[in-house]
Amino acid sequence: MKMTMNNLGKKFHKEQFRGSMLVLPLFVGCMIFYFIPFCMVVRYSMRSSAGRNASFVGLSNYVDLVQNEMFQLAYGNTFRFLVVGLPLILLLSYLIALILKSSAQQYKLLKAILLFPYVMPIVGTLLLVELLFVNEGAVNSLLVMLGFPVQEWLESPLAFLIVLILYLWKNTGYSVVLLLAGLMTIPEEQYAVANLDGAGPLQAFCYITMPQMWYSVFFAFLFSLINAFKCFREIFLIGGKHPNINIYMLQHFLNNS
């Protein structure tokens, strides 16, 4: 028995060593290209300048940054974009996934259509926005036909709504695919048994759907968050270096600083 335990211990340590050797190149790469540069950036951020004769100033640079009015504007718009956009995209994606769940095999074309905006090039997205919302665009042409005044869509508070709709249109399809994959793994028998026990839709959602879709929801949230920051590329191209104050984001502040 003692020999068996020793053999198992040696085998475990041997496999642990092999695993460590496999992870080591990735760990070294992360240290060299991510962690060490990050530490250097933090060190330089606490100096008066980037030169050799720069003095240590502590957190005063961060205090100046927080007190900067343009940073406050960019941070506020970015925070508002995330707070509004992330819940909307998750809710909308979940509702579409529920619709597609019952006949997922019959909606392959629809799923392809939903993913099309996600893979659409940035240039195509920019051209689409300009086609619709510039002063001589399709939306203003329609307003003129209906007898309404022309709107400067990208130079008004409506610009925030436009970029929010752009974010939802471009990224909802990908989240739908992730959530739909999670829904398809839940056996229908569980819902049937819960219904026989008197469970309502809310109870079924809380005790059956969410516990088994936690990882799908987490990855949908994670990718939606990443795509929200990627969406700032389109916002920068649409609004330029000095856009309307409602869509002045952190990327604008970084590029203008």
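**Figure 1. Surroundings of T172 in the predicted model.** Leaving aside neighbours within four places in sequence, T172 is in contact with I89, L92, S93, I96 and Y167. The structure shown here and in the following views is a predicted model. T172 belongs to helix α7. With a relative accessible area of 5%, T172 is buried, since buried means under 20% relative accessible area. Y167, one of the contacts of T172, is also listed among the residues with the most contacts inside the largest nonpolar core.

Figure 2. The secondary structure comprises 10 helices and zero strands. Along the sequence, the pattern therefore reads α-α-α-α-α-α-α-α-α-α. Of the 257 residues in the protein, 30% are buried. Among contacts with a separation of 6 or more, 65% are between residues 24 or more positions apart.

**Figure 3. The largest nonpolar core.** This core has 16 residues, and those with the most contacts inside it are F81, Y167, I235, I247 and M249. Two or more residues each are given to this core by α3 (69-101), α7 (158-184) and α9 (201-239). Helix α7 supplies the largest share, six residues. Apart from this core lies another, of 15 residues, which includes Y94, L179, A194 and I208. In soluble globular proteins, nonpolar side chains tend to be buried together.

**Figure 4. Contacts of F81.** F81 is one of the residues with the most contacts inside the largest nonpolar core. Not counting residues up to four places away in sequence, F81 touches L86, F160, V163, L164 and Y167, and also A228, C231, F232 and M249. Two of these partners, Y167 and M249, are themselves named among the residues with the most contacts inside this core.

**Figure 5. Packing of α8 against α9.** Helix α8 (residues 188-196) packs with α9 at an angle of about 160 degrees, and the two axes lie 10 Å apart. Helix α8 is therefore roughly antiparallel to α9, as angles over 145 degrees count as roughly antiparallel. The crossing of α8 past α9 is right-handed. On the α8 side the contact is made by Q190, Y191 and A194, and on the α9 side by A204, I208, T209 and Q212.

**Figure 6. Packing of α5 against α6.** Helix α5 (residues 122-133) and helix α6 (residues 138-145) pack at an angle of about 15 degrees, with axes 4 Å apart. Helix α5 is therefore roughly parallel to α6, because angles under 35 degrees count as roughly parallel. Residues L131, L132 and F133 of α5 meet A138, V139 and N140 of α6. The contact of α5 with α6 consists of five nonpolar residues, one polar and no charged.

**Figure 7. M46 in the loop between α1 and α2.** M46 is found in the loop between α1 (2-45) and α2 (60-67). At 22% relative accessibility, M46 counts as partly exposed. The C-alpha atoms of M46 and F56 are 5.9 Å apart, while the two residues are 10 residues apart in sequence. Leaving aside neighbours within four places in sequence, M46 is in contact with S55, F56, V57, G58, L59, N61 and Y62.

Conventions. Residues numbered from 1 in each chain as written. Predicted model: local features only at pLDDT ≥ 70, side-chain atom pairs only at ≥ 80, totals over all residues. Heavy atoms only, no water. Core = buried A, V, L, I, M, F, W, Y, C linked by side-chain atoms within 4.5 Å. Buried < 20%, exposed > 50% of the residue type's maximum accessible area, 1.4 Å probe, protein only. Contact = heavy atoms within 4.5 Å. Axes fitted to C-alpha atoms, helices over the stretch in contact; angles between N-to-C directions. Parallel < 35°, antiparallel > 145°, perpendicular 65-115°, else oblique. Left-handed = near helix turned anticlockwise from the far one by under 90°. Nonpolar A, V, L, I, M, F, W, Y, C, P; charged D, E, K, R; others polar.
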